[in-house]
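Let's take a walk through this structure together, one region at a time. Keep the sequence and the 3D view side by side as you read.

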Amino acid sequence: MKDKQTIWVRDLARRRLRGLRVVVENKKILIGLCMTLGFYIVAQIGSRISPYDPKRMGDAPLNLPPSQEHPLGTDPLGRDILTQLLHGSINSIHIGFMAGGVAFLVAMLLAVTAGYYGGIIDSVVSIITEVFITIPSLAILILIAAIFGRISVPLMSLILATFGWAFPCKILRAQTLSLKERGFVRLAKLSGASGIEIVVKAIIPNMLPFLGAWFAFATSGAMMAEAGLELIGLGPQTIVSLGLMLNWAINYTAFTRGIVNWWLPPCVVLVWMFLGLFVVSIGLDEVGNPRLKVK
Amino acid sequence: MYTVKYLVRRVLVYILTLFMAIVINFVVPRLIPGNPIEAKLIQLYRLGVNMGGAEFVMKYSKLFALDQPMHVQFLIYLSNLVQGNLGFSISYFPTPVWQIIMIALPWTLGLLSVAVVIAFAGGLILGALMGWTKREGKQSRITSLVFSVFVVSSQIPYYMLGMIFVYLLTYVMALFPYGGGVQIGLTWGTLDYIISIIQHATLPALSIVLVQLGGWGLEARSLMVNVLGEDYLFLAKAKGLRERFIFREYAMRNTVVPIVTDLVISLGTIASGSIMTEIIFSYPGVGSLLFNAVKQLDYPIIQGVSLIIIFAVTTAALLIDLIYPLLDPRIGEK
């Protein structure tokens with residue numbers, strides 16, 4: 001009994017090590033991580049260096065085009081756009097990670113439990129998942145955010161997470177189902193490991209690439225939803241975020257006035273982050289499913 | 001074709017989804033502490049309007065059934081909904097919400113249906129062809145270029161492409177008109193009117209199409225790559241069938257089937273994307289209606305629009321899911 005258990009634990013350890021090496025070797029994951037984390041660090045440093053306040057009005061002349069003192073110009077209330085951008089990026093990334101993290105954890109727990117134990121739990125979870133997938137989350141988010149008015153950042157993240165877990169959950173559940181039938185899980189079962197032990201030691205470690213990919217997906221989805229809500233004019237609105245900057249740009253009629261520096265920088269940052277997270281998730285997907293790899 | 005289980009399950013999900021949306025729509029406004037009529041009165045009082053005191057509150061609480069217990073209120077709400085009664089707009093009082101939405105809805109439906117069909121069909125074909133070139137390791141430069149373009153374009157938010165279009169093509173080059181769905185002053189049904197509609201819709205539609213094309217393209221490509229490894233393709237080739245025939249009848253059919261499920265799943269995202277696009281272009285659809293309602297705190301409109309969007313998306317998803325087994329005979333049997 002004891003011997004059999006050490007065999008499958010050692011087997012798993014070997015698998016895990018191999019996985020780690022592949023992650024380092026996969027260029028997409030490295031590039032994506034550099035894009036996202038690198039930008040985050042730059043924003044953190046930049047927001048500390050910047051001499052301006054992202055929210056205080058009238059510090060500088062209004063509507064300045066880009067110049068040496070204000071590299072991205074100023075907005076109609078005399079605030080430095082670059083400072084707003086740096087602070088806004090940090091806030092947007094934080095909300096994204098909070099909401100994405102919660103959504104991802106819920107998705108993983110539900111998916112693994114439903115997939116592994118099956119039966120009535122599985123039916124209930126998959127029906128709820130389908131309901132949350134088909135419902136257009138932005139419509140519900142708009143409703144909740146509009147009625148609560150100025151919601152706090154944690155509440156916002158929680159609302160975003162409520163509608164972000166379903167799709168990852170569906171995919172991860174299918175993954176669990178296929179892992180459940182694999183030899184090493186059977187071996188673990190035969191050697192007397194308990195259900196929780198198998199899930200924690202055998203199923204979750206073997207899903208790690210997919211889990212990472214779906215964490216990146218959930219984060220980028222949450223950031224996108226956050227930006228969308230703020231763009232419409234909903235959300236916390238007490239902190240600067242990328243979506244709020246876009247909302248200001250629309251409200252100050254940047255388009256009909258032909259002003260670029262109000263809306264293009266936040267857009268570029270958003271795309272940069274989405275792209276970074278997407279590249280990470282593609283890379284992780286390739287690690288988990290080598291057939292996808294593009295030469 | 002369908003098994004009873006598949007049908008029952010699908011309809012159950014549909015009903016549950018709608019029910020959840022309706023419950024959220026009913027409960028969330030009532031979570032806010034205090035009497036909404038008092039809140040409205042205080043708001044009006046600040047603006048200098050005095051409508052009356054406690055008596056007024058009583059009268060209107062009765063009118064809106066706010067003095068009834070919760071479950072009775074819910075039943076009243078449900079029966080109103082079934083009759084299409086979504087309440088009255090605050091900023092255009094006393095126009096019913098339904099009437100306002102009905103003016104905006106055709107614009108959105110027209111724009112979206114055309115854009116989504118083009119993007120879906122185009123992405124599917126391009127992506128499948130891209131995947132198809134990967135068999136026998138043939139990989140031309142064009143496909144890898146298109147692949148990278150798709151990766152980038154699928155991650156661009158709808159509104160960003162829209163903003164760039166608005167800036168470059170309506171402000172800098174003035175090729176297209178900005179704002180609205182049709183030029184004001186034209187008579188309905190004339191040729192000029194139709195041309196004007198197309199001119200106004202081109203850019204919003206194009207930004208939706210370009211963003212979606214990338215997503216569908218990547219999806220179709222990876223599905224096709226997965227199909228390439230299947231034995232039935234090998235067999236078809238061994239039988240000496242023509243390449244084009246294998247592509248159309250074997251590979252394509254197995255690529256189309258799973259991607260239709262993804263269409264169902266992304267309907268919600270498409271709807272929210274079109275809200276953003278309409279806001280950027282100030283296109284007179286449901287999205288702009290919502291944007292203005294949020295600015296004016298017109299809650300009945302916000303609630304009505306979100307309900308309509310949820311209803312439309314879930315119903316469309318149900319319809320596609322019911323057509324789906326016809327495409328793939330295996331589905332209903334599972």
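Predicted model: local features only at pLDDT ≥ 70, side-chain atom pairs only at ≥ 80, totals over all residues.

How do the axes of α3(A) and α4(A) cross? Helix α3(A) covers residues 81-117, and its axis comes within 7 Å of that of α4(A), with a crossing angle of roughly 140°. Angles over 145 degrees would count as roughly antiparallel and 65 to 115 as roughly perpendicular, so α3(A) and α4(A) are oblique to each other. The crossing of these two helices is left-handed.

Now let's turn to where the chains meet. Chain A brings 40 residues to the contact and chain B brings 47 residues. On the chain A side, α4 (119-134), α5 (137-148), α10 (208-232), α11 (242-251) and α12 (264-288) each supply at least two residues. Of these, α5(A) gives the most, with nine residues. The chain A side as a whole divides into 31 nonpolar, six polar and three charged residues.

Helix α5(A) deserves a visit of its own. Its twelve residues should span 16 Å at 1.5 Å a residue, and because its end C-alpha atoms are 16 Å apart, the two values agree. Is α5(A) mostly covered or mostly exposed? It is mostly covered, as eleven of its twelve residues are buried; among them are Ser137(A), Leu141(A), Ile144(A) and Ile147(A). The buried residues of α5(A) pack against partners in both chains: α6 (153-162) and α10 of chain A, and α1 (4-31), α10, α11 (286-295) and α12 (299-327) of chain B. Just after α5(A), look for Gly149(A), which takes a positive phi of about 70°.

Our last stop is in chain B, at Val257(B), which sits in helix α10 (residues 243-281). Why does Val257(B) count as partly exposed? A residue needs 20 or more other C-beta atoms within 10 Å to be buried, and 12 or fewer to be exposed; Val257(B) has 16, so it is partly exposed. Leaving aside residues up to four places away in sequence, Val257(B) touches Leu327(B) and Asp328(B). Tyr324(B) is 67 residues from Val257(B) in sequence, yet their C-alpha atoms are 7.8 Å apart in space.

Notes. Residues numbered from 1 in each chain as written. Chains lettered and ligands numbered in written order. Contact = placed C-beta atoms within 7 Å. Helix = DSSP H or I, 4+ residues; strand = E, 2+ residues; numbered from the N terminus. Nonpolar A, V, L, I, M, F, W, Y, C, P; charged D, E, K, R; others polar. Expected span 1.5 Å × (residues − 1). Axes fitted to C-alpha atoms, helices over the stretch in contact; angles between N-to-C directions. Parallel < 35°, antiparallel > 145°, perpendicular 65-115°, else oblique. Left-handed = near helix turned anticlockwise from the far one by under 90°.
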